[in-house]
Each structure stands twice: as structure tokens, then as C-alpha cells.
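Dear colleague,

I am handing over the structure below, and I would be grateful if you could look through it before reading my notes.

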Amino acid sequence: MIIAERKPLTRILQMIAPFERVAIIGCRGCVAICSAGGDREVETVAAALRLARKRKGRPLQTIEETFVRQCDPEYLTPLETLKEKVEAVVSLACGVGVNLAADLYPDLKIYPGVDTSFYGSNPSLGQWEEKCRGCGDCIIDFTGGLCPIARCAKNLLNGPCGGSQGGKCEIRPDVPCVWHLIYERLKKRGELEKLTQIWPAKNWIPAGHGGPRQRVRPDLQFNNKK
Amino acid sequence: MSGWKIAILCCHYTNEASAEDMADIPARVEIKRFSCSGRIEVSDILKALEADAEAVLVAGCEKGSCHNHSGSLRAEKRVEAARKILEEIGMEPERIQMAFIPRLDTGAFVMAAKETFERLLDILPKGEITS
Ligand code: SF4
Ligand code: SF4
């Protein structure tokens, strides 16, 4: 899922400084699952902003809503009426949601309430780890399912580097060297020969080096009401 | 009377003390009970401050004796999170206090409320209402 983190409240307070009526809108997708922008966080952020503003003698009114998703136009339609009731919107969705809302409602002042951080997993409560960088040309069939782009500090495709010591990466003792893990994993799977094969050169164009990326499935493009 | 308000957020099981038991504390004490202290959200704490409480005491069962096993430990985590938020917005984190109270011990409960008031004395000049 996409992992995000709430922005510092002082930063959000700066964004909404000119306004008295603001909607805080969450998203029940990834940001709810990673506890950055679901119903609970909407309530907390709204309460914190109101408290801060009240103490500054500039009370803030908030409307709190959480949409099913913010990355699909149909779920953003409540913004049509919401924008008449408030002067600005703080979205706790990932950057995708904020961008789409800004595309669709050009007269709406929408601001990001979270920093969109990475694609990650949730190995235990309250903890998220980066696993993939969305490079668009997945090569983890060669690496035992472990991504050297997201999980190696140097994004090496031919690790481990000289900094790999006792299975740990040189950047921090608590970070496993993913190339060490790749070796161990492939050995366990009986696939060590993958490391001696010559891989085709990785295509970095789908990693974003060719401008904003798009995906099209023509077979779905029928009677498209979006 | 200081003119201050102190909000106490606690669970139904901790004790049956009422605001009258707090008569010695020179502040208005408001008690809000939850089904479990583990149900007290960060937003509940912030909303109590927003509703003009100068300090909030979150009271849960003594560690290891929580009716719902770990509710008060959860509450402690929420208190930590709420304190961080206060720091971010320039308020004193000590305005939020956590107490683990032996079940049905009104004395300990009142004592925790008194201590919360005393912490406020360290923060605010006597008699000043900042909200
Ligand atoms: S190789 Fe690319 S697509 Fe595959 S896991 Fe790594 S970053 Fe993600
Ligand atoms: S020690 Fe391993 S994970 Fe760290 S930079 Fe080197 S190869 Fe990458």
C-alpha cells in the first residue's frame, strides 16, 4: 500500500492560516490502513487544528469527512457541494488524491495534510517498511522476490557492496543487507544460478524517466462515463 | 477557586468517584467516563482541551489489573501521542497526565486529580485562564 505520514501541524496551520472554515477530508484507502489519513486521523487532525487556532484567538470551523477513495473521480463528487461550505480543504489522502481533486476542481483550494512516503508493508502494528519503488520493470524474479531497488541503500543491481557486513547494510546496523538476503533466499530456493546469469539491461524508462506514467487497458475503455 | 477546568477521562471500572469527591481541588473538575480507558482516543483528549479544560487527566486501571486486559496501556500510548501533538502546536505536554489507579480506590483517583492540578500550577500563573 501507499504509506503516508501526517505533515507537521505547524505546516498545515500555515497552509490554512487565511481561512476560517476548512474541511479535513480523509481517505479509506491506503492512508486509512497505514493510520495516516482515515476517519480517526481526520478527527485528530481537525481537533488539533481547532485547538491550536482557538488558542491563537482565531477560531477555526472544521467539517470532517472521509471518502471511500480519493484517487477515483466518482468518490470525489462530494467536493462539489463541500467547496461551497468551506474556504479550503486539507486532504489526508496521498498525493494522488490531492492531485486528482486539484485537477477536477480547479477553483478548490486543496492542500496536502500528509507526506506521501513510500510503497510498503505493515509487518507489525504501528510499523511500515518500504518494499517496492514502483520502477515499472520488475526484476524480482531474479532476486528471490526481494527488491534491490527499494531495499538496497545504493539501489544496486549487482550487490552486495563492500559495506555489507555480517548480513547488515553499512548505512545502519539494524538494516539488513538486501543483497545478503537475496543470496540466502536464492540458495534456499535452489536458484543461485540466477546470480550468474546475465540479466537483460533494466529498462528505466517506465521508472518515470519518460515523464508522467500512464497505463491504458483498451478492453476496458468502453462506455466510459468517467 | 483558580477558575481552571480539569477534565478527567477514565473508564467505568476505575472507580465511582464523582466531581464532589474533588471538592478540595480549587478547580472545576469534569469527569467523562468511557467503556474502557483503551477507548479514549487522542481526539477525545484534544477535544477536552478545546472545550476549555486547562489540563486533562487520563485515568485507567493499574497495570496488570485492567478489566479489559490492556486498555490502560493503550490509553498510556494515546496520552503520549496527544502530548506530542501539544508540543507541535506550542502547548505544554504536561497538561495531559496519565494515572494508573487501583480499582475502586477513590483516594488514589482524587490524588491523581490533585497532582494534575499541581502540574498546572507549575505551568500557568495562578488564576490565569489561557483558553
Ligand atoms: S523491481 Fe521495481 S517493481 Fe519490482 S519490487 Fe522493485 S521497485 Fe517494485
Ligand atoms: S550493504 Fe547491501 S543493502 Fe547496503 S548498500 Fe551495500 S549492497 Fe546495498
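**Chain A as a whole**

In chain A, 58% of the contacts (heavy atoms within 4.5 Å) between residues at least 6 apart in sequence join residues at least 24 apart. Please keep in mind that this is a predicted model, in which local features need pLDDT of at least 70 and side-chain atom pairs count only at pLDDT 80 or more, whereas totals for chains, interfaces and linings use all residues. Residues are numbered from 1 along each chain as its sequence is written, chains are lettered from A and ligands numbered from 1 in the order in which they are written, and side-chain values use heavy atoms, with hydrogens and water left out.

The secondary structure of chain A consists of eight helices and seven strands, these being DSSP runs numbered from the N terminus (H or I with at least four residues for helices, E with at least two for strands). Its radius of gyration, taken over C-alpha atoms, is 22 Å, well over the 17 Å that the globule rule (2.2 Å times the number of residues to the power 0.38) gives for 226 residues, so chain A is more spread out than a compact globule. Along the principal axes, the C-alpha atoms of chain A fill a box of roughly 65 × 50 × 25 Å. Of its 226 residues, 39% count as buried, that is, under 20% relative accessible area, with exposed meaning over 50% and partly exposed in between (1.4 Å probe, protein chains only).

**Backbone details**

Most residues other than glycine have a negative phi, and most peptide bonds are trans. In chain A, a cis peptide bond with omega of about -5° joins Gly159(A) and Pro160(A), and Pro160(A) lies in the loop between helix 7 (148–151) and helix 8 (178–189). Ser35(A), which is not a glycine, has a positive phi of about 55°; this residue is in the loop between helix 2 (30–33) and helix 3 (39–55) of chain A and is partly exposed, with a relative accessible area of 43%. In chain B, Asp52(B) also has a positive phi, near 80°, and is found in the loop between helix 1 and strand 3 (55–61), where Asp52(B) counts as partly exposed at 37% relative accessibility.

**A helix contact in chain B**

Val42(B), Ile45(B), Leu46(B) and Leu49(B) in helix 1 of chain B meet residues of helix 2 of chain B, including Val79(B), Ile85(B) and Leu86(B).

Best wishes
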